[in-house]
Amino acid sequence: MSKQLQQEHPGYKQSEKMRKIGELWRNLAAGEREQYAQDAKVQEAAIAQGGGGAASASAGIVRSLSNYHLYVKHMLSQLKTESPQSGQNERMKKIGELWRAMTADEKASWCADGEQGSRVPGENTYVVQRKMQNEPSAYQSFVKHMVMELRKQHPEKRQHEHMRKIGELWREMSGEEKAKYRSTST
């Protein structure tokens, strides 16, 4: 969806794109949402089994390069040959100036399947490393437990009031009491 929005509205900021994606998601029928969820599960399973193409699950999630990154990749190689004595900082400043001077249509042509972007040699993707999920800390387990309790006891109160109370309770607890939450997951 993000790529489609970028092509339709190249001037959108990331926050505007995310807001629009949220609207589109909320307007989807339940069946369409379920289909997206199933597709995501199938893709995750393929990645987990190492079938994620050039980059497998152990490497992370494969993403397409943005228009800007394809442009940078192309221009860096060009500037290196034109002026090998200039440093990386100088080259990047020049590329940034050139990019800012481009029109929205010129920038849009640099998408991976666009007129310019498709000509960039090499990979048009990169891998986002997956973060390892650690067990929650004792404090995180305590917060999770207490938020549920406080919401039941005081549904009229706001989240920040609950969090303030939880912080006070945590600071008053002894080390032994805090240790009880170390290995429990609620």
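In which helix is the place of L98? Please describe the surroundings as well.

Mentor: L98 is in helix α5. Before the details, note that the model is predicted: local features need pLDDT of at least 70, side-chain atom pairs count only at pLDDT 80 or more, and totals for chains, interfaces and linings use all residues. Residues are numbered from 1 along each chain as its sequence is written, and side-chain values use heavy atoms, with hydrogens and water left out. Helices (H or I, at least four residues) and strands (E, at least two) are DSSP runs numbered from the N terminus.

L98 has a relative accessibility of 29%, so it counts as partly exposed; buried means under 20% relative accessible area, exposed over 50%, and partly exposed in between, with a 1.4 Å probe and protein chains only. Leaving aside residues up to four places away in sequence, L98 touches Y71 and M75, where contact means heavy atoms within 4.5 Å. M75 is 23 residues from L98 in sequence, and their C-alpha atoms are 9.7 Å apart.

The helix itself, α5, covers residues 88–101, which is 14 residues. From first C-alpha to last, α5 reaches 20 Å, close to the 20 Å expected at 1.5 Å a residue; the expected span is 1.5 Å times one less than the number of residues. The buried residues of α5 are R91, I95, G96 and W99. They sit on the same side of α5 because they cover an arc of only 135° around the axis, the arc being that of the directions from the helix axis to the C-beta atoms. An α-helix has 3.6 residues a turn, so residues three or four places apart point the same way. On the face turned away from the buried side, α5 carries the exposed residues N89, E90, K93, R100 and A101. The cover over the buried residues of α5 includes α4 and α6 (104–108).

Next, the cores. A nonpolar core is a set of buried Ala, Val, Leu, Ile, Met, Phe, Trp, Tyr and Cys residues joined through side-chain atoms within 4.5 Å. The largest one has ten residues: A138, F142, V143, M146, V147, L150, I166, W170, M173 and Y181. Two or more of its residues come from each of α7 (138–153) and α8 (159–172), and α7 gives the most, with six. A second, separate core of nine residues includes M75, the contact partner of L98. Also among its members are V72, I95 and M102.

Rings of Phe, Tyr and Trp (its six-membered ring) pair if their centres lie within 6.5 Å; planes under 30 degrees apart count as stacked, over 60 as edge-to-face and the rest as tilted. By this rule there are five aromatic pairs. Y139 and W170 form an edge-to-face pair, because their ring centres are 5.3 Å apart and their planes are at 70°. This pair links distant parts of the chain, with Y139 in α7 and W170 in α8, 31 residues apart. Y139 is partly exposed at 33% relative accessibility, whereas W170 is buried at 15%. The pair of F142 and W170 is tilted, at 5.2 Å centre to centre and 40° between the planes. Here too distant parts of the chain are linked: F142 is in α7 and W170 in α8, 28 residues apart. F142 is buried, with a relative accessible area of 3%. Ring pairs join Y139, F142, W170 and Y181 into a cluster.

For the setting, the protein has nine helices and two strands, running α-α-α-β-α-α-α-β-α-α-α from the N terminus. Of its 186 residues, 24% are buried. Among contacts with a separation of 6 or more, 54% are between residues 24 or more positions apart.
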